[in-house]
Amino acid sequence: GTCSESSEQIRSRIMGARERQKDRYQGTAIRFNADLTASDIEKYCHLGAKEEHYIEQIFRSLELSARSYHRILRLSRTIADLDGSDNIQEKHISEAVGYKMAERLWDGLEEM
């Protein structure tokens, strides 16, 4: 079997994620996860104890800056929304970190 989604399924997940964000940020100046400031992240990207421990380990091992930490949390929130999940789970953080590492590698390659 193939694990690729149809464009219809992808569109549906994106629309679902947008709806989740619209509901979550209703009555605030925030529209999308990308708009979250550092203090908003504290409020809207709540992590369970397991996820908190997981991201702290990553944070230390990759020596991430506070800015990178917030970017990973924002991206984790979006990945969770696309997954239809209210809570950010380890798999969402892991995927966000993967993108962050790919970006870091890409930047390094572009400097060569």
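## Aromatic pairs

Searching the whole structure turns up two aromatic pairs. To count as a pair, rings of Phe, Tyr and Trp (its six-membered ring) need centres within 6.5 Å; planes under 30 degrees apart are stacked, over 60 edge-to-face, and the rest tilted. Bear in mind that this is a predicted model, where local features need pLDDT of at least 70, side-chain atom pairs count only at pLDDT 80 or more, and totals for chains, interfaces and linings use all residues. Residues are numbered from 1 along each chain as its sequence is written, and side-chain values use heavy atoms, with hydrogens and water left out.

Take Tyr25 and Tyr44: their ring centres sit 4.9 Å apart with planes at 85 degrees, so this pair is edge-to-face. Tyr25 is in the loop between helix 1 (7–24) and helix 2 (38–44), while Tyr44 is in helix 2, so the pair ties together parts 19 residues apart in sequence. Helices here are DSSP runs (H or I, at least four residues), numbered from the N terminus. Tyr25 and Tyr44 are both buried, where buried means under 20% relative accessible area, exposed over 50%, and partly exposed in between (1.4 Å probe, protein chains only).

Phe59 and Tyr69 also have ring centres 4.9 Å apart, with planes at 75 degrees, so they too are edge-to-face. This pair links distant parts of the chain, with Phe59 in helix 3 (residues 49–62) and Tyr69 in helix 4 (residues 66–82), ten residues apart. Phe59 counts as partly exposed at 28% relative accessibility, whereas Tyr69 is buried at 17%.

## Salt bridges

There are nine salt bridges in the structure, each one a side-chain nitrogen of Lys or Arg within 4 Å of a carboxyl oxygen of Asp or Glu. One of them joins the side chains of Arg20 and Asp81 (3.9 Å, N to O). That bridge links distant parts of the chain: Arg20 belongs to helix 1 and Asp81 to helix 4, 61 residues apart. Arg20 is partly exposed, at 23% relative accessible area, but Asp81 is buried, at 2%.

Asp81 also has a salt bridge to Arg77 (2.9 Å, N to O). Both lie in helix 4, four residues apart, or about one turn of the helix, and Arg77 is buried with a relative accessible area of 3%. Step back and you get a network of salt bridges linking Arg20, Arg24, Arg77, Asp81 and Asp86. Another bridge is the one between the side chains of Asp83 and Lys91 (3.2 Å, N to O); Asp83 is partly exposed at 37% relative accessibility.

## Where helix 1 meets helix 4

Now for the two helices themselves. The axes of helix 1 and helix 4 come within 8 Å and cross at roughly 120 degrees; axes are lines fitted to C-alpha atoms, for helices over the stretch in contact, with angles running from 0 to 180 degrees between N-to-C directions. Helix 1 and helix 4 are therefore oblique to each other (under 35 degrees is roughly parallel, over 145 roughly antiparallel, 65 to 115 roughly perpendicular, and the rest oblique).

On the helix 1 side, Arg13, Ile14, Ala17, Arg20, Gln21 and Arg24 meet Arg77, Asp81 and Leu82 of helix 4, with contact meaning heavy atoms within 4.5 Å.
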